[in-house]
Amino acid sequence: MIVIFGVFLLTLLVITAIAIVRTENLFVAVMLQGIASLFIAGNFFLLDAADVALTEAAIGAGISTVLFLSALALTSERERSKSSNKMLSFTVVAVAALVLIYATFDKPRFGDPNAPVQTHVAPWYLEKTPEYIDIPNVVTAVLGSYRGYDTLGEVLVVFTAGIGVLFLLGSGAPLGSLPQEKINEGLRHHLIPRVVGRVLIPFILLFGLYVQFHGEYGPGGGFQAGAIIAAAIILFALLEGEQRALSVIPARVLLGLVAFGPLLYLAVGIAGIVLGGNFLDYSVLSSDSVTGQQLGILLIEAGVGITVTGVLLSIFHAFAARGR
Amino acid sequence: MSMLLDILSWVLLTLGGLSILIGGIGALRMPDLYTRMHAASVTDSMGAILVLVGIMLQAGLTLATIKLIAILLFLLISSPTSSNTLASAALLAGTRPFEEAHQSDDEGKE
Amino acid sequence: MEILGLYYYWVFAILLMVGLYAVIAKRNLVKKLIGLTLFQSAVFLLYITMGKVDDGTAPIFSVTGSNIFSNPLPQVLILTAIVVGISTTALGLGIVVRLKEEYGTIEENEIQEIDER
């Protein structure tokens with residue numbers, strides 16, 4: 001019955017989405033998109049997807065808003081031209097929407113335990129995880145071990161996006177090479193955000209580490225933790241100025257993180273081959289196959305977290321350094 | 001005893017919901033940015049405290065209550081800071097506070 | 001009860017089409033990217049809605065608790081998809097910033113005019 005609350009959230013979501021499309025001020029559109037991400041994260045939580053809700057809130061509402069705002073600071077803030085072919089686009093979109101709505105009448109009943117998606121592979125995962133891997137969070141078990149190869153591909157996608165943005169925008173100049181008047185002061189002269197930020201940043205980092213290492217026992221894991229730790233350091237960069245943030249964590253260290261994450265993941269995979277099993281076979285990593293699986297998942301989640309942190313920070317610094 | 005806790009939770013949650021509603025109406029009806037933020041900050045502090053304490057009464061003395069206290073503390077520290085930063089940014093960008101009432105007073109005197 | 005489930009799927013269809021309208025009808029490149037993000041979010045909503053089981057909880061074993069879990073498989077797929085989505089958005093925004101520097105505008109019709117000259 002609690003899902004009825006989801007109906008309320010979904011209606012607000014549709015209203016927000018229509019407002020995003022209709023507004024001309026891009027700043028407003030980006031803020032509304034952050035709010036829409038939070039509505040969707042709330043809905044994910046109501047639909048029992050705790051991991052996904054955490055990821056959507058951290059990445060969709062947090063990092064995505066920061067990236068859009070950094071890009072808006074470098075481009076214009078208002079949308080200048082009118083839409084092209086409004087009637088034609090609207091007709092196409094309306095026809096497609098009606099076809100989709102007609103198709104939804106054929107879907108299995110919402111929440112039906114006998115729907116095809118619930119009876120195919122999922123019961124095997126839910127049944128065998130205590131036996132093969134023995135960690136409480138089945139989503140992490142599937143992500144890290146059963147479907148570990150997909151997660152490797154996804155880490156490489158994040159890596160590619162990072163080096164793509166670095167190719168396009170560069171990584172910013174180090175602290176000593178700029179004249180004094182061009183150094184960004186951030187919010188250093190505003191007392192309240194600076195003090196409160198300095199109090200909060202250690203706790204945000206601690207929470208990020210908690211989420212990273214508790215991915216096996218509750219909602220969490222590498223992606224969420226990477227986003228949270230990157231958010232903490234982005235907060236530091238906003239408060240202290242971007243050059244000081246680059247002197248605290250230099251660009252070389254960030255590049256090292258970006259490269260080290262996928263390498264760690266691949267090293268765990270190759271260790272599986274070297275020790276006698278298949279690629280990304282964690283059972284051979286330790287004498288007991290269940291412990292080996294847990295060790296493998298811990299290591300690759302660390303690799304994922306390091307990659308996501310490094311890439312998101314590199315992308316932020318690339319955008320922030322561009323305006324100078 | 002649990003009946004008393006339930007009634008207290010109901011009262012707190014309803015009051016919290018009411019204050020959030022008042023904050024929302026204020027944010028829509030107020031004339032300019034600074035007064036709107038003043039209205040929305042009611043949601044931040046009073047609504048958050050009432051709703052979270054109401055949920056804490058339902059959770060009892062478990063780990064969940066400690067997590068809720070941590071969330072409440074974080075909200076109470078970060079929300080007013082972000083309102084302050086937003087108002088500073090608006091002031092730096094040149095947004096003027098609402099001044100028509102002041103001018104009509106002057107015109108009435110003359 | 002059936003209308004409740006159907007409502008979720010209808011909102012998915014509407015959100016998908018709103019995002020698609022922003023991509024095809026708007027001329028501003030950043031607005032197109034925001035529409036693309038909305039489109040992706042609608043697809044995530046569809047997958048997670050399909051995974052829900054009546055009276056189920058999150059697929060995390062706990063010491064006390066029910067035996068009915070929602071399907072973990074769509075959640076794994078969407079977890080990956082969210083991060084891939086932000087990667088694509090970041091790369092797209094990088095390209096938009098470079099386009100602004102080269103052409104001086106991020107409106108698609110003005111860029112085409114400058115190209116044709």
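User: How many residues does H2(C) have, and what distance does it reach from its first C-alpha to its last?

Analyst: This is a predicted model. At 1.5 Å a residue, a span of 33 Å is expected for H2(C). The reach in the model is close to that: H2(C) has 23 residues and, from first C-alpha to last, covers 34 Å.

User: How many of the residues of H2(C) are buried?

Analyst: A residue counts as buried if 20 or more other C-beta atoms lie within 10 Å of its own. H2(C) is largely enclosed by the rest of the structure, because the number of its 23 residues that are buried is 19.

User: What percentage of the residues of chain C count as buried?

Analyst: Chain C has four helices and zero strands, in the pattern α-α-α-α along the sequence. Its C-alpha atoms fill a box of roughly 70 × 30 × 15 Å along the principal axes. Of its 117 residues, the share that count as buried is 56%.

User: What is the radius of gyration of chain C, and why is the chain described as more spread out than a compact globule?

Analyst: For 117 residues the globule rule gives 13 Å. The value for chain C is well over that, so the chain is more spread out than a compact globule; its radius of gyration is 20 Å.

User: Which pair of chains has the most contacts?

Analyst: Two pairs of chains touch. Chains B and C are not one of them, as they do not touch and their nearest C-alpha atoms are 14 Å apart. Of the pairs that touch, the one with the most contacts is chains A and C.

User: Which helix of chain C gives the most residues to the side that touches chain A?

Analyst: In this contact, 73 residues of chain C meet 87 residues of chain A. The elements of chain C that give two or more residues to that side are helix H1 (2-25), helix H2 (29-51) and helix H3 (72-103). With 22 residues, the one that gives the most is H3(C).

User: How many residues does chain B give to its contact with chain A, and how many of them are polar?

Analyst: Chain A gives five residues to this contact, and chain B gives six. On the side of chain B, one residue is nonpolar and no residue is charged. The number of polar residues there is five.

User: What is the radius of gyration of chain B?

Analyst: Chain B has four helices and zero strands, and its C-alpha trace spans about 65 × 30 × 20 Å along the principal axes. The globule rule gives 13 Å for 110 residues, and chain B is well over this, so it is more spread out than a compact globule. The radius of gyration of chain B is 19 Å.

User: What percentage of the residues in chain B are buried?

Analyst: To be buried, a residue needs 20 or more other C-beta atoms within 10 Å of its own. Among the 110 residues in chain B, the buried share is 7%.

User: Is Ile20(B) partly exposed or buried?

Analyst: Ile20(B) lies in helix H1 of chain B. Not counting residues up to four places away in sequence, Ile20(B) touches Thr43(B) and Gly47(B). It has 19 other C-beta atoms within 10 Å, and being buried takes 20 or more, so Ile20(B) is partly exposed.

User: Which helix of chain B has the lowest mean pLDDT?

Analyst: The mean pLDDT of chain B is 84, with 90% of its residues at 70 or more. Among its elements, helix H1 (residues 2-29) has the highest mean, 91. Over residues 104-110 of chain B the pLDDT is below 50, and this stretch has zero contacts in the model beyond near neighbours in sequence. The lowest mean pLDDT, 51, belongs to helix H4 (residues 100-109) of chain B.

User: How far apart are the centres of domain 1 and domain 2 of chain A?

Analyst: The domain assignment of chain A gives domain 1 (1-81) and domain 2 (121-324). In the contact between them, 14 residues of domain 1 meet 18 residues of domain 2. Taken over C-alpha atoms, the centres are separated by 23 Å.

Methods: Residues are numbered from 1 along each chain as its sequence is written. Chains are lettered from A and ligands numbered from 1 in the order in which they are written. This is a predicted model: local features need pLDDT of at least 70, side-chain atom pairs count only at pLDDT 80 or more; totals for chains, interfaces and linings use all residues. Two residues are in contact if their C-beta atoms, placed from the backbone, lie within 7 Å. pLDDT is the predictor's confidence in each residue, from 0 to 100. Domain bounds come from an automatic or database domain assignment. The radius of gyration is taken over C-alpha atoms; the globule rule is 2.2 Å times the number of residues to the power 0.38. A residue is buried if 20 or more other C-beta atoms lie within 10 Å of its own, exposed if 12 or fewer, and partly exposed in between; C-beta atoms are placed from the backbone. Ala, Val, Leu, Ile, Met, Phe, Trp, Tyr, Cys and Pro count as nonpolar, Asp, Glu, Lys and Arg as charged, and the others, Gly among them, as polar. The expected span of a helix is 1.5 Å times one less than its number of residues.
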